Amino acid sequence: PFLEADLLIAHNDITADALKNAGVKAENIQKIPHPVHQFPAPKKSTYISKKLNKKSGDIVYCTVGMLHKYKGITDAIKALKFLPPNYKLAIIGGLHPVETQIVSETVGIYNKITDLIDELGLHDRVFITGFVQDDNLMNGYIRECDACVFPYDGVYYANTSSGAINLGFSNGRPVIAYPTAGFRELAQNADDAIVLTETFAYYELARELERLDFTKQAGLSRKYSDKMAWPKMAKVLT
């Protein structure tokens, strides 16, 4: 089907190159960076703040999306070991509803995450929302947080993009990510809206969180969100 299509849309060079290797002609491929959805302002939420007992001076960073072994949730937790006690983590998301009905390694990741929280004694500094079905509710949770982190696996995410990272941009949150191939390419187009760690290490994640200019990066996220909004990118495609 790819070879028979007149036009194929790819979000990054990784996908475009894979299509070429499969025999698709370069002129039949149009690369458009993943657009950013702009949500209406959600109802103000205090759920995360209450669960983490957020006080003045506390900084809450979050992961966003379905729990998955390649999304670096454990690295986000371990980073707390190298951060001051006023730093806390919200894990916004849970298992995919379909995957909860089957026995798989993905299901087991939930217990591994909670075991790690227990082993490190971080009960008061980590909260897991579980699966959030309503977009407005999820966006309200994200906007309670001070930054979004995406410590994704460099091998698995060397061959794919992430839609979840755009939730950080669309909600005006600073974004920190591991330097996967997809995120490095995104950074070239994002006008400094994404902060990349030096390597795939939770110590580096902690370092970037501690020296992050939250006000500056929030502004850059909003600017990138406006630049890459779906209506504007639809005109580019047209």
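Which strands each supply at least two residues of the lining of the largest cavity? In this predicted model, they are strand E3 (59-64) and strand E6 (147-150), strands being DSSP runs (E) of at least two residues and helices runs (H or I) of at least four, numbered from the N terminus. Local features were considered at pLDDT of at least 70 and side-chain atom pairs at pLDDT 80 or more, while totals for chains, interfaces and linings use all residues. Residues are numbered from 1 along each chain as its sequence is written, and side-chain values use heavy atoms, without hydrogens and water.

The lining comprises Thr63, Val64, Gly65, Met66, Lys71, Ile73, Val149, Phe150, Pro151 and Tyr152, where a lining residue has an atom within 4 Å of a cavity point, a point on a 1 Å grid where a 1.4 Å probe fits but cannot get out.

Phe150 also belongs to the largest nonpolar core, which has 35 residues; Phe150, Ile165, Phe169 and Ile194 have the most contacts inside it. Such a core is a set of buried Ala, Val, Leu, Ile, Met, Phe, Trp, Tyr and Cys residues joined through side-chain atoms within 4.5 Å, buried meaning under 20% relative accessible area with a 1.4 Å probe, protein chains only. Among the elements giving two or more residues to this core are E3, E6 and helix H5 (135-144).

The buried residues of H5 include Met138, Tyr141 and Ile142. Contacts, defined as heavy atoms within 4.5 Å, join the buried residues of H5 to elements including E3, E6 and helix H2 (47-51).

How values were computed
On a 1 Å grid over the protein atoms alone, a cavity is a set of points where a 1.4 Å probe fits but cannot get out, and a pocket is an open set with protein on both sides within 12 Å along at least five of seven lines; lining residues have an atom within 4 Å of a point. Buried means under 20% relative accessible area, exposed over 50%, partly exposed in between (1.4 Å probe, protein chains only).
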